Amino acid sequence: MFNKLIAATLPYMPKKLVWIFSKRYIAGETIADAVRESKKLNDQGIKVTVDLLGEFIKNLDEATENKEAYLEIIETFEANKIDGNYSVKPTFFGLLLDEEVCYQNIRTVVAKAAEYNNFVRIDMEDSPCVDKEIKIFRRLKKEFPQNVGLVVQAYLKRTLDDLNNMMDMQNGVSKLNYRLCKGIYVEPEEIAYKKYEEINEHFLEDLDFMLKNDVYPGIATHDKPLVDGAYKLIEKYNVPKDKYEFQMLYGVTPELRKSIVEKGHTMRVYVPFGKDWFGYSTRRLKENPKMASLIIKALFNR
Ligand code: FDA
């Protein structure tokens, strides 16, 4: 109850206060910050996926700027030999303004990554975007079979059907590569599972589907029971270590992350950076059960 109250008031809190808690969730504001933090993770044997923070855009000029920014990120990361790939949010490239322009923008980014034999992951946004994002993924996958992947959300009731439908894209040359996560957006219960147990059950069902069908999953969770469930499935299907990876968000559950790395599994951390950190970090803070007590402590200890 109290946590919910704090969560609701977060967007109205002074930015400086929110920053105190946000800094653990973002690499910084500049590309140099992202490179530095990525190098630190690489030194711990952890791969990264880099995300430039930003919320919904208002016009296509902003989409062009975002595309240019990603091209610069790719050049910089490749020049610095970072062991990592790139994550993009289609709305950031104009998805809700002009789907074709959005496709062309993302295509340019994927083509740039492909020049370096690298990879771009299309993040999944809220439910009105899902069909559009699958469509863009399909088009890109045809042209860049090795260089593009998608995110799927276990809380959506449609996800297993989507996974089945997209199998037509998989063949000997072109494997499918998904990030499987629970899903972060508030969706209506007609289309989304709401209960923790239900979401977890479908997460493992989706993962089972991927492992059985030789699809490469990025198992993106900080939830210990899901990590344990994933271990069991990996063992059940005897999946080699190069056929899956675990993924976590920067700054979240570092101890669990370390234990996964120590067992020899591949780990990739999502490294968000940029000036628009506020929206992203308030979402992370809302997920953090310890947030309320931390914020109260900070209010009294300034
Ligand atoms: P859950 O929320 O149940 O958390 C499990 C436990 O993890 C908590 O009990 C707590 O201990 C810890 N924890 C979780 N969040 C925390 C936090 N912020 N601070 C401290 N502890 C925390 N979603 C989406 O809709 N589209 C996308 O493209 C992506 N992309 C993505 C990439 C990667 C690499 C990850 C890890 C996640 C995403 N997500 C996402 C977000 C995802 O859908 C989900 O909301 C979060 O990962 C939280 O879900 P968990 O599986 O961690 O479980």
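This is a predicted model: local features need pLDDT of at least 70, side-chain atom pairs count only at pLDDT 80 or more; totals for chains, interfaces and linings use all residues.
Okay, let's start with helix H7, where the buried residues are Thr159, Asp162, Leu163 and Met166. Look down the axis of H7 and those buried residues fall within an arc of 100°, so they line one face of the helix.

H6 spans residues 130-143 and H7 spans residues 159-166, and their axes come within 13 Å and cross at roughly 20°. Angles under 35 degrees count as roughly parallel, and H6 and H7 are therefore roughly parallel to each other. The crossing of H6 past H7 is right-handed. On the H6 side we have Val130, Ile134, Phe137 and Arg138, and they meet Asp162, Asn165 and Met166 in H7. Sorted by class, that contact has four nonpolar, one polar and two charged residues.

Next up, helix H2, residues 15-22. Its buried residues are Leu17, Val18, Phe21 and Ser22. Viewed down the axis of H2, they fall within an arc of 140°, so here too the buried residues line one face of the helix.

Which residues of helix H11 does H2 meet? Lys15, Val18, Trp19, Phe21 and Ser22 in H2 touch Trp277, Phe278, Ser281, Thr282 and Leu285 in H11. By class, that's six nonpolar, three polar and one charged residues. H11 covers residues 277-287, and its axis and that of H2 come within 10 Å, crossing at roughly 60°. H2 and H11 are therefore oblique to each other, and the crossing is left-handed.

Now for helices H4 and H5. H5 runs over residues 99-115, and the axes of H4 and H5 come within 9 Å and cross at roughly 10°. That angle is why we call H4 and H5 roughly parallel to each other. From H4 we have Leu60, Ala63, Thr64, Lys67, Tyr70, Leu71, Ile74 and Glu75, and they meet Val101, Asn105, Thr108, Val109, Lys112 and Ala113 in H5. The classes come out as eight nonpolar, three polar and three charged residues.

While we're in H4, which covers residues 60-79, have a look at Asn66. Is Asn66 buried or exposed? It's buried, with a relative accessible area of 11%. Leaving aside neighbours within four places in sequence, Asn66 is in contact with Ile57, Phe92 and Phe93.

Last topic: backbone angles. Most residues other than glycine have a negative phi. Asn117, though, has a phi near 55°, a positive value. You'll find Asn117 in the loop between H5 and strand S3 (120-122), and at 72% relative accessibility it counts as exposed. Thr253 also has a positive phi, about 40°, and it isn't a glycine. Thr253 is in the loop between strand S7 (245-249) and helix H10 (254-262), and with a relative accessible area of 28% it is partly exposed.

Note on methods
Residues are numbered from 1 along each chain as its sequence is written. Side-chain values use heavy atoms; hydrogens and water are left out. Buried means under 20% relative accessible area, exposed over 50%, partly exposed in between (1.4 Å probe, protein chains only). Helices (H or I, at least four residues) and strands (E, at least two) are DSSP runs, numbered from the N terminus. The arc is that of the directions from the helix axis to the C-beta atoms. Axes are lines fitted to C-alpha atoms, for helices over the stretch in contact, and angles run from 0 to 180 degrees between N-to-C directions. Angles under 35 degrees count as roughly parallel, over 145 as roughly antiparallel, 65 to 115 as roughly perpendicular and the rest as oblique. A crossing is left-handed if the near helix is turned anticlockwise from the far one by less than a right angle, and right-handed if clockwise. Contact means heavy atoms within 4.5 Å. Ala, Val, Leu, Ile, Met, Phe, Trp, Tyr, Cys and Pro count as nonpolar, Asp, Glu, Lys and Arg as charged, and the others, Gly among them, as polar.
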